[in-house]
Amino acid sequence: MKKIFYSLFVLIFSFGCNEDFLEEFPTSYTTPEKLGEALELNPGVGSSGLLGIYESMFAVGTGYENDFPSGRNDYDFGHRGYDVLSDMLSGDMVLGGKNYGWLSDISELTATEDYTNSNNYTMWRYYYYIVLLANSTIDAFGGSDANPETTEAQQGLGQSLGTRAYAYFYLLNLFANDFDNADLVLPIYSNSTSENQPKSSVKDVIDFIISDLTKSKALLTGFSRSAPNIIDEYVASTYLAYAYALKGDYANASSAAKFVIDNSGKSVQSITEIVSGMNDVNRLSGNVLWGTDLTVDNGLDLRSWWGQCDIFTYSYAWAGDPKVADVSLYNQIAEDDVRKTWFRTSGGYTLAPHYKFFHEDRIIGGQRNVTADYIYNRIEELYLLHAEAEAALGNDAAARQSLKAILDHRIPDSSYLDALSGTDLQDEIYLQTRIELWGEGKSYLAMKRLRKTITRGPNWLDYPGESFDYNDEKLTFEIPEIEIRNNPNISDQNPK
Amino acid sequence: MVNAQQTITGKVQDHDGLDLPGATIVVEGTSTATTSDFDGNFSISADNGDKLLISYVGYKVAEILVDGNSVLATLSLSTELEEVIVTGYGVYDKKRYTGSAVTIDTEPISRKNISNISRGLVGEASGLTVVSNSGQPGTSATIRIRGKAGSVNGNSAPLYVLDGVPYNGNLNAINPNDIETTTILKDAAATAIYGNRGANGVILITTKRGDADKARISVDIKSGTNTDYLPRYSVIESPERWTEIVWESLKNRGIGIGQNGADYAQLRLFSSAGINPKYNMWNANGNALIDPSTGKFNSSVGRKYDPEVWRDYAFNDARRNEVNFSISGGSKTSKYYYSAGALEDVGYGINSDFRRYSTRLNLDFTPYEWLTAKTNFGYSYAASNFNGQSSDSGSIFWTTANMPRIYPLFERDADGNKIKDVYGGFKYDYGEGRGFAGLTNSIGDAYYDTDKDLIHNLNINQQFALSLMEGVTFESLFSINYLMDNTDLVSDPTYGSSRGQGGYVSKTKNQNTNWTLRNALRFERQLSDRFFMMGFIAHESERYESSTMNANKYTLLQPRGPISVELDNAVKNNNSSSSTSAVSREAYVAYFNLKVDEAYNIAIDFRRDSTSIFPNDKWGNFGSVSLGWILSEEDFFNAPNISFFKLRTSYGIIGEALGQGFYPGYDRIDVKNLNDEVATVFISKGNAELTWEAGKQFNLGIDLESNYVNATIDFYSKNRDDMFFTRNVGTSLGYRSILVNDGSLKNWGIEFTVDKDIIKTDDFNLNVRVLGSIEKNELTELPYDPAAGRRKYFQSNGFYGLGKGKSTYEFYMREYAGVNPDNGYAQWFRNYDDKNSNGSLDDGEEIEDLFEYKIENPKANILEDKVEKYVDATKRFTGKTAIPDMYGSITLSASYKAFDMRAIFSYGLGGYAYDSAYADFMDNETASNAQQFHTDIENRWRQAGDVTDVPILNSNLQVNQASTSTRFLIEADYFNFSNIQVGYTLPDSLIQKINASNIRVYFTGDNLMILSKRDGFNPGYSLSGNTGRYTYEPMTTFTAGLTLNF
C-alpha cells in the first residue's frame, strides 16, 4: 500500500504547470493585441476604433475629473459639456441659480484665472484625449501623410484627421488668449507615441488644423456615412471654414462654407422645426451636419448637456441652477422673431430655453435616462459663416443673401437687412449668430474670432452690466497645473 | 559493569502521557541519532552511562542517562504555546527562530468584541498599524506592518495566510473564535518564504484543532449594544445663529464688491442668489429676519416649524449578539474540532448591519504511522446591509454632520406642516432647491432603499504527509477557497433619485475561486550531537479568479421586501455586464535550516517566483539569510538575572507584484456602444515591460527575558527598488500617467515590546506591556522622465509630495499665513525668485513649486511674501509628515483571585494629519451652498484689527479659503481606549455540580475613548490619519458574556 502512495505522489510531484498557466488577460476590457485578434475574427467591427472617438465625444468622464483632488465634475461629459462653459463665458448663457454651485466659478469668472481649477483640467484633458485617440487611428492607417490604398482606409484616415483637427480647433479657441501668430500656445502631437512636447505657435497650430482638414476633406470626398455622428467631407469643410475664419482668411472661409451649403443637401430649419426641441438628429437629418443619436445604452443621465441645460430633464437645470438667456440678448430678438418664443419666463424659471431645447415628453424634471440627441453642427452655421466671411471681404450682397436664407425662416420680413452694410451688417451677422446658435457652443467661437467685447446683461448673478474683452484673462482657460507640473517642456501660461 | 554497546529501546511521551512520534533522540557527544516512531517508540545504540538528548519542537529537551536497556522519556512543554512559531511551511521553536515574528494567542483576541480578526490585532504587536476605516459592522481593518508605505504605488498590504495557504477570501468569513493563533511575520527571514506578496509582512492565521484524548465542549454567549458614543465635531446648532453667520457672509460680499452690504444681504439671503426661499423656516420674509444694524436675528420673528436634527433620525443604539459553540477531541488516529457560531452585529446607522453564521470542521487522521492526513472545512454565510454609506450626498454621515440646521428632514408645506407620504409616515424632504446635498435625502434613502450583500464563503484545505524514510517526508497540500458574493441594490420608485424611472434594481453576483497546490519534500536529520539540519524543497502553484456579473432594470412593481431585489419585479432593461479577472502564480521554494549546539541557528531560503501579472518578464529570484545566536546559552554569558538573551539578524530580497491590479501590463481598451455598433476606446496606458518590485530587508533584533522585564527590540530597514511608480506625464499626451518600475524608497524603523510584571503574588497579578514603533521613510530616487531626459525631481501625490530625499508622507501644499488683520482675508505664503533684486515680485519671478524650482535654479534669490489669492501662493514642502514620531499601545493585565482584567490603550505621538472634514465646516461658501459651520467659525475676523486665524466670511468672494493648505493640518497625537474586558471565573465548587470544567462571566467594552487635538477628529481611524466626509464614525460596543467549558 505504501508503494502505491509513493507512485501516486511521485506522479503528483512531477505534475508541473504548462506555460499557458501564467498567461492571463483582462476580460472586462480588451487590449491592443487582443483587439487585433478580434478584428481578424470579426471584420464587421473594423471601424470600432474610429467609432470610439465619436463615442468619447459624449461619454462621461473623458476629462478624467477623478485625477483631480476635488473629484467628480458634473460637466465632464465631453464636447457639449465644454460648450456650456464657453456659452457662459461668452455672456449669452446665464447661470440662473447657484443652488448646487456647479459652474459658479465660471459665472464668477474665477475658474479661468485659477490654473488649479478642475474645469481647466477636464477641458484640456478631454480635447487632448481626442487627439490621442485620433492619433492612434492615424498611426494605424500609416500616419498623417499616408495615402491608404483601400477606400475604406482612406475614409478612416480622413475621419481621424478630421477629429484631430476638431480637437485642436477647440483647444486653440479655449486656451489661447489671443491669436498673435508667434505666440506659443499649445503642444502639437502628430502621432500617438511621442513624449511630452513644448508649445507650438498659434500659426503652427492653425496651419496644422487646416492641413488636417484639407486632407480630411479630400480623403472623404464622396464618402457616404452610416450615421450622423461620423465626420464626412461636409463636417471637415465646416471646421475648415471655421479655421480659415479664425485665421482671417475669409476667401477660403467663404468657399469652404459655400461648399457645404451647396453640396451637403442640408437645408435651414423651418419655422416649425426651429421650435421642435432640437433633440432628434434623425428627425432633423435634413439639417444636422454632425451630431449623435443618443440611446439608453449610452448610459447618460443627469451628467449630460440635457441634464445641465434642459429643465425637462432630471438634473441641475430643473432643480435650481437653470441656464437662461442673457436678457440683453433676449431683448435684441425681434418681437416677431419665432426665436423669441424659445425663451419663457414661467414655472419659476426666467428666460429658460423652454422651446429651444426640451425633451420631447416636456415633463418638468422628467427625462431620467437621456435619449434626447446631441447636435454638434447644423447648416445654419455655414450660412452665418459665409455671411460673415463675405461681409469681411466687402461683399455685402452675398453676405445679406446668406443671412436671409436663415432669417426668412425666423421672421416675417427680412428686408431690413437690405439697408445694412459694412460694420452694421457685420454686427447684425454677429448678433444673428449669437441668437440663432444660442446654447450650441458657438457664440464663444464668434466672440474670439471676431475679437469682440462682451457685456453681461442685468440678469447675471455676477458682474451684471460689466464688459470684458475677448482676450481678457477671465474669458480664456488656463493650461492646467497638472500639465505644467508634469510636462517638463511647458512651464508657463499662454501669453496675454 | 561492562561498557558494551547495546540497543536501548524507549518511548517518548508528553506530560499528559500521550505518545510523541517524530521526537529526535541523540546520544550526546556522538552522531548517533534516531527519531521516535508513530507510537513514540525508538531504539538506539548506546552505552550505559551515555546521555540521551531527546527533543521535540515546543518541548523542553530531556536528558536521560542510559542505565539498562529501556528508557521512558517524558517531555514537558518548554513553556507556553506561544513559544512555537507556526508558519505555512512548518512549526519552529520560537527560541531558535531567526526571524522577527509575533504570535498572538486566542485568549487576547477573544477578549474583544470583533467580528473579524483584523480588528482584533489592535495593540497586540509592535510595528503593526491597524486602522478601522469604517464603523460598518463586519468590515475589515486595514493593516500595515512596519510602515504605511511599502512602496509608492505598489502594494503595501500584508499577505494573509490561513492554515498554511495564502488567503484571498473575505477576512470576515473567518470566525475569530475558531482561530488558535495569529502570527505576524515582519522581516525577510520570516516572509521570504512566502515570496511574492510577502514583502509587506505576513499574517498567519491558524485555526483550532482537536487534542487526542481530551474531549472539550465550549459555549460562549455574549450580548450587548453598539452605540454612537464618541465625540463629534462641535457645530453651530442654532438655525438662527447659522443664518446670522450666512447673512454676515453675504453682507461682507456686498461690501467687498462695493455695494451696501446690509442691503445686499437682505435682498439675497433667501432668494435665487442665496438660500432657496422655500427653506425660510420663519414667520417672516427673508429680508426681515436679520436686523441689519446689528446683524442679529430679529427677536420678534418666530419659527414656522422646528426643523428636525437629522442626526436624531439617523443613529440609534443597536444590538450585538454572539454565540459560539465548539466540540473538540480525538484519539491517536483521529482528532476533530467542530464549531458553529452565530453573530448579529447591528450598526448604529440606519440599516447597517452584519450577520454571520459560520461552521468549521478540522480533522486529523493518522491511519498508518507513515501517513497523516488533515482536512479543514470552513463555511460561513455573511449578510450585510450597507445603507446610508455612499460616497456622495447619500451618506448619512456626511449629511447629518454638515447639513445646516435650517433644513428640515421632512418636507414642509407653505404653512410649515409636514406632509403625509405614500408609506403612511411623513414625506422626507428630497431637497429640490436645497443647496447642500440637493435632490437627495440620505435618511429617506437609507430607509427606503436596499443596499445589501450576502456572501457564502467555503474554505477547504486538504493535506497529506507521507513519511518516505527516516527524516524524509513528502507533503502534498491542496486548498480551495470559494466565495459567492451577491449584492442587491434597490432604489425607491416614489422618492429619491430613481423616481423618474419608476425605481431601480441592480443585482451583482461575484464569484471568487482561489486554489493552491503545493508539493514538498521535507527532511530533517541530526548530523551529530552538535548539528541538526532541516529543510524542504517545494513547488507550488496558485490561481485566483474573480468573475462578476451585473444586471439591472428600471420601473418596479414592488419597492420593498424580498421581491423588490429581483429583476423579474421590474420591466425596463438597462445595461448588463460581466467579466472575469484572474491571476496565476507558480513558484519553486527551498529552505534550509542548520542548528549548531543550542546557541546558533542559521536559515537560508530561496524562491523562484512567477506571476501572470507581468506580460513578458514573469520570473524573479528571491531569498533570505538569517542567523540567530542565543548568547545566554554561551559559557561566557554570566548574567544571573537574565534567563534568555538572543540576537537575531536577517537580510533578504523579496518580490512584490500586487498593488496595480492584475493587468497593469496592458493598455486598456473599453468596448462601448455607439448607435448599436461596436466602438472601442483607449482608456489607460499599460506597460508590458513591468516586472517584480524588489524589496531589500534587513533586520537586527534582540529577545530578552529577565527577572525585571521581558523585551523584544528590533531595528529594521526595508528598501524598495524598481518600485511600481505611477510616473505622471503632461496630460496633453492624452493620458495622465504610466506605471513604471523605477525609483527607490527607503523605510527604516525601531520597534519594541516591553513587558513587566509589576505585582506577582498568589492572589494578585498586574502586568504592563508597552509596544512602540518608530518609523521613517525617504524617497531616494524618482523615475526617469524621457521628455526631460533626466530623472524626475518631483511629483505631487495628493496632500504629499514625492521629492528626492523626502518622506513620501511629507505634506506638500500651500502654506497658510494667517489672516490679514486689516481686511480679514486669508493669506498664504508666496515665494518668488527676485532676479532683479528689487525686493518685490515682478512678472516672470513667480515660483509655483518651490522644491523643484530650487533644484533647477540653485542660485535663485528666493524671497517670501504673503498673498490673498490662493493660486498665487507657492506649493512647498511643509516639514510636517503624516508619520508619527512613535505609535503603539499599552496593555494592562491584572487578576485578583477569580477576577481578571485586560485593557488596551493605543497611542500615537507626533505627526500631522489633514483634517478635511473640518475644512468643510470652515468653508467660505455662498449662501446657497453653505454647510454646517464648526463652532470655531465664531473666531472669524469681524473688523479691522481683529487678530485671529479664521478669515472673514464673504460668501466666496475670497475663493479657496478652504482649499488645501496647511491651515487644516493638525497635530495627530492621539490616545485611544480601545478595549477592556473584566471577567470572573466561578469557583470550582460551584461548577463541579454541573460537570463543567470552567465557567466565566465577563463584561467587554470597545472603542471607549478617543483623545485627540479636536473633538471629532480621529487620526487613528484612517491609514493616513486624514479625515473624510463620508466616514462611518467608530462604533462603541458594550457586551456582557458567559463562557462555559465542559
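Buried area is the accessible area, found with a 1.4 Å probe, that two parts lose on being put together, summed over both. The exercises below apply this and related ideas to a predicted model.

**Exercise 1. The interface between chain A and chain B**

Determine how much area chain A and chain B bury between them, and describe the side of chain A that touches chain B.

Solution. 
Step 1. Begin with the residues in contact: 87 residues of chain A meet 98 residues of chain B.
Step 2. Turn to the area. Chain A and chain B bury about 7,800 Å² between them, and 55% of this lies on carbon and sulfur atoms.
Step 3. Consider the polar contacts. Between the two chains, 28 residue pairs are in polar contact, with both residues at pLDDT 80 or more.
Step 4. Locate the helices involved. On the side of chain A that touches chain B, at least two residues each come from helix 1 (2-14), helix 2 (32-41), helix 3 (48-56), helix 6 (118-140), helix 12 (316-319) and helix 18 (481-486) of chain A.
Step 5. Classify the residues of that side of chain A: 40 are nonpolar, 28 polar and 19 charged.

**Exercise 2. Salt bridges between and within chains**

State how many salt bridges link chain A and chain B, and examine the pair Lys672(B) and Glu55(A) and the pair Asp262(A) and Lys258(A).

Solution. 
Step 1. Apply the cut-off: a side-chain nitrogen of Lys or Arg must lie within 4 Å of a carboxyl oxygen of Asp or Glu. For Lys672(B) and Glu55(A), the N to O distance is 3.4 Å, and the side chains meet in a salt bridge.
Step 2. For Asp262(A) and Lys258(A), the closest N and O atoms are 3.0 Å apart, and these residues also form a salt bridge.

**Exercise 3. Two open sheets of chain B**

Give the strand order of the four-stranded sheet and of the three-stranded sheet in chain B, and explain why the edge strands have a side without a neighbour.

Solution. 
Step 1. The four-stranded open sheet has the order 3-2-5-6, with antiparallel pairing.
Step 2. Strand 3 (33-35) and strand 6 (62-65) of chain B stand at the edges with a single partner strand each, so one side of each has no neighbour in the sheet.
Step 3. Neighbouring strands of this sheet are turned by 20° against each other on average, direction ignored.
Step 4. Strand 2 (residues 24-27) of chain B is joined to strand 3 of chain B by three bridges, and the two run antiparallel. Ile25(B) stands opposite Thr34(B) of strand 3.
Step 5. The three-stranded open sheet has the order 46-47-48, again with antiparallel pairing.
Step 6. Its edges are strand 46 (816-819) and strand 48 (862-867) of chain B; each has a single partner strand, so one side of each is left without a neighbour in the sheet.
Step 7. Here the twist averages 35° from one strand to the next.

Technical notes. Residues numbered from 1 in each chain as written. Chains lettered and ligands numbered in written order. Predicted model: local features only at pLDDT ≥ 70, side-chain atom pairs only at ≥ 80, totals over all residues. Heavy atoms only, no water. Contact = heavy atoms within 4.5 Å. Polar contact = N/O pair within 3.5 Å; in protein donor to acceptor, adjacent residues only side chain to side chain. Nonpolar A, V, L, I, M, F, W, Y, C, P; charged D, E, K, R; others polar. Pairing = 2+ DSSP bridges. Axes fitted to C-alpha atoms, helices over the stretch in contact; angles between N-to-C directions.
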